[in-house]
Amino acid sequence: MVKSIIQKSTLAVAASAVMSIPAIANDTQAKSSDDIFKAFGQVNVSIDNSSENGPGAEEGTSFKSNSSRLGMMGSMKTYLEGTKLIYKAAIQYESVGENDQNFLFRDALVGLKNKKLGAVRLGRLTTGYKSSYTKIDPWTDHILQARQSGQQGASNLNANYFNNAIDYTSPKMAGFQVSAFYSMLPDDSSERLHNAGKLKDYKGGSATGIGIKYFLEGLRLTADVLDVDADDTGSLTNGAAQKIGAQYKFKNGLTLAGHYEDVTELKLGTNIWAHASYKVGKHGLVTASYGINEGDPSDNVYTSDTKGDATTWSIGGKYMLTKNSALIVGYNDHDRDGGDDAQTFTVGIDAKFGY
């Protein structure tokens, strides 16, 4: 009873804070047109019904918060010509179990951005490796996403954040853009390099990555490599990961996308994911996806002597209520040989502001 009252009081305080942020932001912007302070957030909730436990799914019907979040971000003019200070910080609300809720830290970063030279960021952040995937999957944070528990066509490397990281993103030059990052913890540290799924096993050590992106009208091509050298690897191993991705948006509303990812050196197998979506009218979107996670026990922690490759397919639809908010509905089928065989139906609302 006391715990419930505390949780409700915490949510009430958070809601009051959110209501006051726009007024603060407007006042800040009024003081200097060069400075930006913006509140952002997302209330992403759904009702999911699953035939059995599976990646991101619990047997039966459940009310789920899908990475609902609240944060602030902005930029400020500096004394360095053409350079702005940028920052971003957010918290995430999650249901962690029966009658239990929790607030989790998301990204928290600060950096410098120059239109001619690019941007440098420091903190807990999304790397170029992850953004290559998240920019092409319209279902991130939902049961239909390819990165669902690292088993539906995208590994855990495409989820959440690297800690204690610094990254650089170049400006676009002739359609090309380069990014690189370095994440490092002190020697023999017990802190985590990453905080998603199996990657929580990585403690101490370092991780590095570099990627290149190419843009031409509706075409988007990406190639990324990443290397992990942790002090403690747990169920995983140190090594390299490689990924290539592509997306093409046709003028008739059709979009095709996919990627291939080899993370066998980290014991996360290989991943193949393909996706198609089509705009219906001004506000509708229908989607279809297919993903594979494969490998044997020597290079994939999700498989064993009795569990083999997994295939996943999904169909879904969105109806846009605003530019950044939508009604959602979808069906997801995940089948691992000798293991999970879960079918999940989801319906909900994804409401965003400040993006």
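This is a predicted model: local features need pLDDT of at least 70, side-chain atom pairs count only at pLDDT 80 or more; totals for chains, interfaces and linings use all residues.
Residues are numbered from 1 along each chain as its sequence is written, and side-chain values use heavy atoms, with hydrogens and water left out.

Aromatic pairs. I found six of them in the structure, counting rings of Phe, Tyr and Trp (its six-membered ring) whose centres lie within 6.5 Å, with planes under 30 degrees apart taken as stacked, over 60 as edge-to-face and the rest as tilted. One of them is Phe40 with Tyr355, edge-to-face at 5.5 Å centre to centre and 75° between the planes. Phe40 lies in strand β1 (residues 36-50) and Tyr355 in the segment after β17 (341-353), so the pair ties together parts 315 residues apart in sequence; strands here are DSSP runs (E, at least two residues) and helices likewise (H or I, at least four), numbered from the N terminus. Tyr355 is partly exposed, at 40% relative accessibility.

I then looked up Tyr133 and Trp273, which also form an edge-to-face pair, 5.9 Å centre to centre with 80° between the planes. This pair links helix α2 (residues 128-134), which holds Tyr133, to strand β13 (residues 270-280), which holds Trp273, across 140 residues. Both Tyr133 and Trp273 are buried.

Loop residue. I placed Asp188 in the loop between β8 (176-184) and β9 (206-216), and found Asp188 exposed, with a relative accessible area of 73%.

Terms used
Buried means under 20% relative accessible area, exposed over 50%, partly exposed in between (1.4 Å probe, protein chains only).
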